[in-house]
Number of protein chains: 4
Amino acid sequence: MIIQLHKNIQPTDLQIICKTLEENKYSVTTVNTQFENYLVCIGKTDIDIRIIGHLKGVKDIHRVSDNYKLVSSKWKTENTKINLGDSVIIGDGEPAMMAGPCSIESEEQVSKIVAHLLKNNIKIMRGGVYKPRSSPYAFRGMGIEGLKMMYAQCKQHKIKIITEVMQASQINDMMEYVDIFQVGARNSQNYNLLDALGEIDKPIMIKRGISGTIEELLNSAEYIFSKGNEKLLLCERGIRTFETMYRNTFDINAIQILKDKSHLPVIADPSHGIGIREYVPKLALASLMAGADGVIYEVHEKPEEALSDGQQTLNFIESERLIEKIQLLKAIL
Amino acid sequence: MIIQLHKNIQPTDLQIICKTLEENKYSVTTVNTQFENYLVCIGKTDIDIRIIGHLKGVKDIHRVSDNYKLVSSKWKTENTKINLGDSVIIGDGEPAMMAGPCSIESEEQVSKIVAHLLKNNIKIMRGGVYKPRSSPYAFRGMGIEGLKMMYAQCKQHKIKIITEVMQASQINDMMEYVDIFQVGARNSQNYNLLDALGEIDKPIMIKRGISGTIEELLNSAEYIFSKGNEKLLLCERGIRTFETMYRNTFDINAIQILKDKSHLPVIADPSHGIGIREYVPKLALASLMAGADGVIYEVHEKPEEALSDGQQTLNFIESERLIEKIQLLKAIL
Amino acid sequence: MIIQLHKNIQPTDLQIICKTLEENKYSVTTVNTQFENYLVCIGKTDIDIRIIGHLKGVKDIHRVSDNYKLVSSKWKTENTKINLGDSVIIGDGEPAMMAGPCSIESEEQVSKIVAHLLKNNIKIMRGGVYKPRSSPYAFRGMGIEGLKMMYAQCKQHKIKIITEVMQASQINDMMEYVDIFQVGARNSQNYNLLDALGEIDKPIMIKRGISGTIEELLNSAEYIFSKGNEKLLLCERGIRTFETMYRNTFDINAIQILKDKSHLPVIADPSHGIGIREYVPKLALASLMAGADGVIYEVHEKPEEALSDGQQTLNFIESERLIEKIQLLKAIL
Amino acid sequence: MIIQLHKNIQPTDLQIICKTLEENKYSVTTVNTQFENYLVCIGKTDIDIRIIGHLKGVKDIHRVSDNYKLVSSKWKTENTKINLGDSVIIGDGEPAMMAGPCSIESEEQVSKIVAHLLKNNIKIMRGGVYKPRSSPYAFRGMGIEGLKMMYAQCKQHKIKIITEVMQASQINDMMEYVDIFQVGARNSQNYNLLDALGEIDKPIMIKRGISGTIEELLNSAEYIFSKGNEKLLLCERGIRTFETMYRNTFDINAIQILKDKSHLPVIADPSHGIGIREYVPKLALASLMAGADGVIYEVHEKPEEALSDGQQTLNFIESERLIEKIQLLKAIL
């Protein structure tokens with residue numbers, strides 16, 4: 001059960017509500033976000049919501065049968081939009097495009113990609129500076145210096161930045177330079193990181209775990225929301241299956257289900273999803289067709305020279321053709 | 001290695017070719033299909049193909065490094081088209097639509113569906129009469145009588161029929177009434193059935209196994225081709241993964257890979273793929289966007305009353321809207 | 001619901017029972033096996049079983065909530081034993097050992113293996129003559145001649161034979177030479193084959209499908225039982241997962257669950273289960289520790305020269321050591 | 001390639017070695033652990049190791065073709081033993097037993113479990129105080145106070161403590177009270193946590209990820225080792241598959257492979273592995289039979305009242321019987 005409270009609720013009124021709930025054997029979590037104040041109430045027995053409904057300070061009450069509550073579409077039927085400023089909005093019906101290299105490598109690399117984004121009217125740049133790599137000996141990213149390098153050029157052109165954060169202790173340093181924090185697939189259930197991201201006022205895009213269920217992804221989003229941050233995006237990036245012909249099994253099925261179960265925008269990541277460059281563009285188009293609110297993909301001037309993920313990265317020409325096709329697709333969507 | 005032979009090759013010339021190959025430690029399989037005569041040659045050592053190339057009766061030679069040979073795009077770069085007669089062709093660029101009920105239930109049911117197909121210009125009807133069911137106590141289909149019932153009405157309107165065959169002993173009886181034999185997911189590696197289907201001259205659509213790899217699907221197609229039947233279609237119908245929010249994980253990734261590795265047409269089955277009715281249409285559209293040559297889906301006048309698979313079956317209105325959207329999509333494809 | 005009938009039930013009494021059930025909206029399947037006559041009754045509503053219990057001809061009634069009925073331990077709490085004659089019994093507490101080559105290759109090969117079995121007191125020989133192979137160009141077994149070759153030597157020494165049957169049409173020819181028919185993983189849901197095996201009086205060992213669920217395996221066994229054959233064994237042989245370090249993921253968890261849900265004996269196949277020779281013996285021992293009624297494994301005089309599956313086949317010394325360890329283990333079991 | 005260095009190597013000698021390696025296009029990582037100094041060298045080209053072998057300061061050189069290096073059995077053929085003091089050693093041939101509740105709940109609970117451990121001669125207690133839970137509203141553990149509570153009683157009786165650490169910032173506070181830090185399945189690829197654990201001198205047990213490959217687990221161990229901590233244990237705890245009859249698919253196959261590929265001890269966690277109480281004991285025994293160096297399992301006075309994981313937790317009687325059977329098993333192992 002979710003109870004929306006009046007913003008200016010009196011502490012004594014809040015106490016009465018909580019007491020009533022506890023008397024009915026509900027455990028109560030207070031959630032204050034950028035926008036609203038909520039109580040999330042978990043209990044085993046049914047309760048006549050009119051008992052609560054008439055109490056002072058209560059704005060609205062919703063029963064939510066899902067395990068996740070605040071991210072559920074059962075209470076918030078309107079789709080969430082994420083406004084990044086400068087008229088860059090995700091979830092408003094227009095496909096949101098995010099593109100850039102797997103890893104930030106150099107100023108020159110960034111400037112070439114920025115030029116490519118500008119030319120193709122892509123408003124959000126991706127670029128990793130903290131890279132989770134399965135081997136400790138692999139290139140692990142340029143760190144905060146890479147982020148500043150990226151920021152310097154993006155800011156100038158009002159390009160928004162999405163980049164991965166790997167642990168809570170990085171958040172503060174990154175805060176100024178980031179428009180969307182990305183939680184990677186391997187950290188999709190790193191609950192301490194999720195808790196920490198719930199306490200800041202920046203959009204967070206959570207990737208589904210490598211073999212994360214749809215429900216686990218929604219629960220991970222619930223972690224952040226329940227700590228106070230409503231600005232959330234979900235990302236489908238492929239799951240692990242028995243098939244070995246591609247890197248991951250991009251789960252296009254998840255897109256519709258996430259859109260249905262939750263009010264949060266859903267972004268498709270076909271680059272990691274299938275992991276093979278020549279198949280990325282059609283997968284991007286198919287994802288939009290299936291209802292995704294946007295696409296994040298990897299692009300590099302010379303993918304074959306990229307420090308990581310080159311095999312799944314588009315070059316500028318391929319990226320340009322994809323953007324052209326998305327323009328055509330918009331007419332149908 | 002695949003050797004294409006001249007149709008009128010002399011037996012003695014063939015003997016010489018085979019002898020040369022065996023001297024080079026190649027095992028040779030003779031394949032005579034509706035269209036061509038081939039030798040499929042498997043060996044461990046490399047061979048100078050010029051030794052073979054100049055022999056009498058040899059039309060062409062192709063090295064094929066894949067495990068599967070005849071279905072590989074490595075030797076046949078042109079896409080295979082399946083001509084069902086009456087201008088119904090699969091693989092010619094137009095999305096091939098196949099629709100109908102999970103199970104044939106009655107004459108009345110068939111006539112309503114036939115009317116729906118005619119209205120929406122759908123040329124191929126699906127309808128199961130032999131139903132593989134996990135429980136022996138479930139409805140297992142009307143059998144040959146159901147097929148005749150279906151045929152009577154389809155023939156009249158030049159609607160083509162695709163239906164599942166479950167064992168070799170059914171083929172003869174079904175032959176007259178079927179335009180495409182379907183091999184179901186559970187029989188995807190039923191090699192005796194595949195062998196038998198290789199010996200007839202009717203198109204065969206092979207579904208990927210419940211957890212079949214892409215390579216296994218291609219090898220199953222190879223079984224049929226190598227017994228003499230080139231008229232093959234591949235079908236992606238969802239694979240088994242850990243996710244439980246839907247029936248199967250429709251593997252959209254497989255579409256592009258199958259199209260790339262093989263010259264055979266690829267059909268998407270979103271009904272079984274995701275198994276939830278409201279998600280089927282977008283998945284159908286996404287599949288075409290990803291490159292599928294056609295879509296097979298379940299439709300029923302009253303899905304909630306269908307004898308099987310009702311939860312994944314579209315009603316007539318939903319089906320009609322899907323067909324309309326596919327018309328729009330064609331402009332982009 | 002399962003109703004056990006008196007052997008000498010009068011047709012009119014049977015009619016009355018069936019009529020009563022149908023009046024209560026139960027569908028009834030008549031099952032006459034080697035040992036008993038049953039009615040399997042499927043209905044949605046609860047029924048007061050006393051209405052049936054007092055009818056003439058009824059021996060016993062059991063509610064069974066599982067989807068599978070006759071193979072469930074909910075009605076038959078005593079473990080099923082399979083008696084192969086000559087005091088070879090499976091499921092009597094002693095680990096049943098089945099060993100032999102992947103494929104029967106020659107008389108000499110058979111005689112060496114028979115000698116090995118005799119030396120180690122192994123009473124059941126495995127040996128494939130119909131081989132399901134993913135490629136049509138691979139060695140597909142010696143067929144019925146191989147089986148006769150095997151039989152000639154086994155009969156002499158009272159060694160029992162288990163071998164795979166791939167399609168219904170092979171059953172008759174094989175019948176004389178086989179003690180246990182094996183249904184392979186790829187045919188685990190080949191329902192026509194299962195139906196046919198339900199009509200004979202020979203033990204059947206059904207392997208779990210490559211990605212078959214435990215419930216599907218039990219339902220496949222139900223197919224055979226419900227056609228009249230109670231002599232059934234279940235076999236865990238590894239499932240398909242994302243892990244690539246071994247051939248299959250031998251699912252040791254399934255052993256206890258199968259033993260718990262069903263009254264049928266459970267055989268472990270560690271050779272296919274893990275697919276790597278040096279790991280087979282410990283897996284065999286672990287399976288027995290987990291409750292398996294027996295083990296089937298591959299052995300060959302020279303595994304490296306075997307026509308199939310050599311990489312997972314024990315040589316005679318390895319096999320001998322395994323048997324010795326199983327002797328030690330018996331003290332604990 | 002791993003180069004073992006003399007402890008008292010001169011900086012100039014080290015420089016020469018590194019320079020030589022870099023000239024041969026090898027990247028070099030310096031690793032100084034509790035016991036040894038190493039250089040881990042990654043390069044694409046082969047190198048004549050004699051060039052390095054004769055350099056001053058070099059103790060030994062090993063080629064290691066695996067992606068992981070320091071944890072590989074290719075260079076260290078002797079099994080690693082973990083000495084916890086007070087004669088508690090893991091990996092010395094005796095099965096190491098670790099038991100305790102999922103979560104620490106109260107002093108009384110701890111004292112009952114400690115009594116149970118003492119009675120059964122179990123030397124290591126498990127008990128969670130930081131609990132990763134998929135829902136933010138679930139009980140998340142008592143935190144550091146729970147650990148202190150556990151420590152107070154364990155210290156007195158020389159029982160060693162294993163407990164999960166969830167993020168780097170918890171390490172310092174926990175350090176004094178912990179004998180083995182456990183990295184949970186969800187954090188198996190939390191590289192920042194692994195890095196931090198590499199910098200302390202305490203044994204670390206890393207659980208395989210929920211769908212982690214065996215190779216990923218070894219790479220995660222490599223992270224810790226390469227930061228300086230050699231005291232490592234690996235834990236198999238079940239993987240995620242399509243089967244739904246149990247919580248996870250305990251992968252008994254992984255035990256032998258991990259023992260083979262690595263020199264680190266391998267612990268089996270059958271409680272999480274199968275997730276169903278009545279099946280845990282046999283799985284524990286089977287794991288030891290398969291070669292595990294120890295078993296970690298959940299035990300609670302009243303599992304049905306446990307705050308978490310009650311359904312997979314043994315009660316004291318079940319635990320006692322398991323220990324008795326393990327005593328019997330030791331004779332064979």
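Before I turn to the strands, one definition is needed: two strands count as paired when DSSP finds at least two bridges between them. Please bear in mind throughout that this is a predicted model.

Let me begin with chain A. Strand S2, residues 26–32 of chain A, is joined to S3(A) by 7 bridges, and the two strands run antiparallel.

As to confidence, chain A has a mean pLDDT of 96, with 100% of its residues at 70 or more. For the complex, the predictor reports an ipTM of 0.95 and a pTM of 0.97.

I now move to the contact between chains C and D. Chain D contributes 28 residues to this contact, and chain C contributes 28 residues. On the chain D side, at least two residues come from each of helix H8 (252–261), helix H10 (280–289) and helix H11 (316–330). Which helix gives the most to that side? It is H10(D), with 5 residues. By residue class, the side of chain D that touches chain C consists of 18 nonpolar, 7 polar and 3 charged residues.

Technical notes:
Residues numbered from 1 in each chain as written. Chains lettered and ligands numbered in written order. Predicted model: local features only at pLDDT ≥ 70, side-chain atom pairs only at ≥ 80, totals over all residues. Helix = DSSP H or I, 4+ residues; strand = E, 2+ residues; numbered from the N terminus. Contact = placed C-beta atoms within 7 Å. Nonpolar A, V, L, I, M, F, W, Y, C, P; charged D, E, K, R; others polar. pLDDT = per-residue confidence, 0-100.
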